[in-house]
Amino acid sequence: MIKKDKDYRVKITESPGATSVSYGTNDQFLIRGLASKRLLKGKVPIRGSKNAILPVMASSILFKKAITARNVPRIEDVLRMSELLNLLGASPLYAPEKRTLIIHGEKIKNPTLDTEIAKRLRASIILSGPLLARFKKVSFPYPGGCVIGKRPIDLFIEGFKKMGARVIEKDERFFLTAPKGLSGAKIFFKVQSVTATETFLMAAVLAKGKTVLKNVALEPEVTSLAEFLSANGAIISGIGGTTLEITGGGLLTPLVDYKTIPDRLEAGSFLILGALTSNNLEVTDCNPEHLESLIETLSELGVKLNVGKNNIRVLGIEKKKNLGQIQVKTHEYPGFPTDLQAPLVVLLTQLEAESVVFETIFEGRLSYTEDLKSMGANITIWDSQRVLVKGKTALKDRELHGPDIRAGLAFIIAAIIAKGDSIVNNVYYIDRGYEQIEDRLKAIGVDITRRLRPNPEVFAPGKK
């Protein structure tokens, strides 16, 4: 069971005797900056991937019996997805000490997504595929989440129509029906989309006949989902490539538990923090193969890295006199991740170079740079997708308001390297993707404190 208290803290009832999880939407971080000193050291363990576990949770709808997921991170987005599934009837049960989540997708009877929760969780859209495939109908609002630009829902609507669904949009909700069930189809994604690929991959598992998905997303999280479904009886070919072929059948029987892959974005964020603040910081329990683009970029910038099988050690950064003009362009995997763009910009403010950053995925994702400018960063905003960063500039303390998960983490990094005491608000967003971030930062030497914001009524997600 999941509930909220008067301060909008979200709680989930876990296995008997387990410690409850709660996150405050009005929390803030107080951070004492290092003034560019390289004082952090130690090990940072990486948790399970947010973007991997959420679609696996949705896939529980495709199974005859309960599925079990392991290495599940204790983050807000997992709680939100659990809450949605709970309202559908799946009765998720989380054991945090074992990092294990059990979901009874077979108990679901209601294919209608709660409006309030779905609007606050972008990943809610991935539930539409398996729900429509299993129950021949689904209703959901336009998915919400961070303020980083709209994600095109036409990919989903047009794809479902090709599979035989009827679509009605009314009162800001979508109503999809497929009285005869979904049928296999050929779907070409005009843009690579992780959520669209995952949604139609799951829908195709229960559709009649063969579905061919082309120009699919190549992110490790997509591959992880496909391998999990395949291991449990789904007929899928082309895993890891740009074309997936799925032959539909009946409900799956759980044969293999899911182990959540390491969060490559969390690992990348800590690598960038290490490049700025440490001569000996080890990021453990990660998969370096998922970080090749970032590793190459950091190496070119002079960051000294020792890359192991499942760990990466940051050994400082050497001053390069001939960096020239640095060009960073975000791109779908295996290109440079859009979710690491904001932390990287913080690093670029500390290099003696000019850098051009081109954000190609989300049109609103560079808005956070105004806050970095208020800290002293020399950043020129060319347009909604490009900025010029001139370094090196010392950052000073400020009160910051993170607009999304990744910018919020970037603000933490900026506050750590700044001079003075900074406040990072909207911690709710950071909690969505990073498990107990302050505890892991304290363990490597960061002076960070979580507290309730003095005027909490100013910000309450979902409230106007």
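**Close-up views of a predicted model**

View 1. Helix α4, residues 128–135, lies across β9 and β11, and it runs at about 155° to β9. As with every view here, the coordinates come from a predicted model.

**View 2. An open sheet of 3 strands, in the order β9-β11-β10.** The pairing in this sheet is antiparallel. β9 (137–141) and β10 (166–170) are the edge strands, each with a single partner, so one side of each has no neighbour in the sheet. If you like to think in angles, neighbouring strands are turned by 15° against each other on average, with direction ignored. Between β9 and β11 (residues 173–177), the antiparallel pairing extends over 5 bridges. To find your way along this pair, look for F140, whose bridge partner in β11 is F174.

**View 3. Aromatic pairs, with F63 and F228 as the example.** The model holds 8 aromatic pairs. F63 and F228 make a tilted one, with 5.8 Å from centre to centre and 35° between the planes. F63 sits in the loop between α1 (50–59) and β6 (67–70), while F228 belongs to helix α7 (residues 220–231), so this pair ties together parts that are 165 residues apart in sequence. Both F63 and F228 are buried.

**View 4. An aromatic cluster of phenylalanines.** Here you can pick out F156, F160, F189 and F200, which form one aromatic cluster.

View 5. Within α9 (residues 292–300), the buried residues are S293, L294, I295, T297 and L298. An α-helix has 3.6 residues a turn, so residues three or four places apart point the same way. After α9 comes G302, with a positive phi near 100°.

**View 6. Where to read the model with care.** The protein chain averages a pLDDT of 90, and 90% of the residues score at least 70. Over residues 1–23, however, the pLDDT is below 50, and this stretch has 66 contacts in the model beyond near neighbours in sequence. Residues 145–150 also have a pLDDT below 50, with 23 contacts beyond near neighbours in sequence.

Conventions: Residues are numbered from 1 along each chain as its sequence is written. This is a predicted model: local features need pLDDT of at least 70, side-chain atom pairs count only at pLDDT 80 or more; totals for chains, interfaces and linings use all residues. Side-chain values use heavy atoms; hydrogens and water are left out. Two strands pair if DSSP finds at least two bridges between them. Helices (H or I, at least four residues) and strands (E, at least two) are DSSP runs, numbered from the N terminus. Axes are lines fitted to C-alpha atoms, for helices over the stretch in contact, and angles run from 0 to 180 degrees between N-to-C directions. Contact means heavy atoms within 4.5 Å. Rings of Phe, Tyr and Trp (its six-membered ring) pair if their centres lie within 6.5 Å; planes under 30 degrees apart count as stacked, over 60 as edge-to-face and the rest as tilted. Buried means under 20% relative accessible area, exposed over 50%, partly exposed in between (1.4 Å probe, protein chains only). pLDDT is the predictor's confidence in each residue, from 0 to 100.
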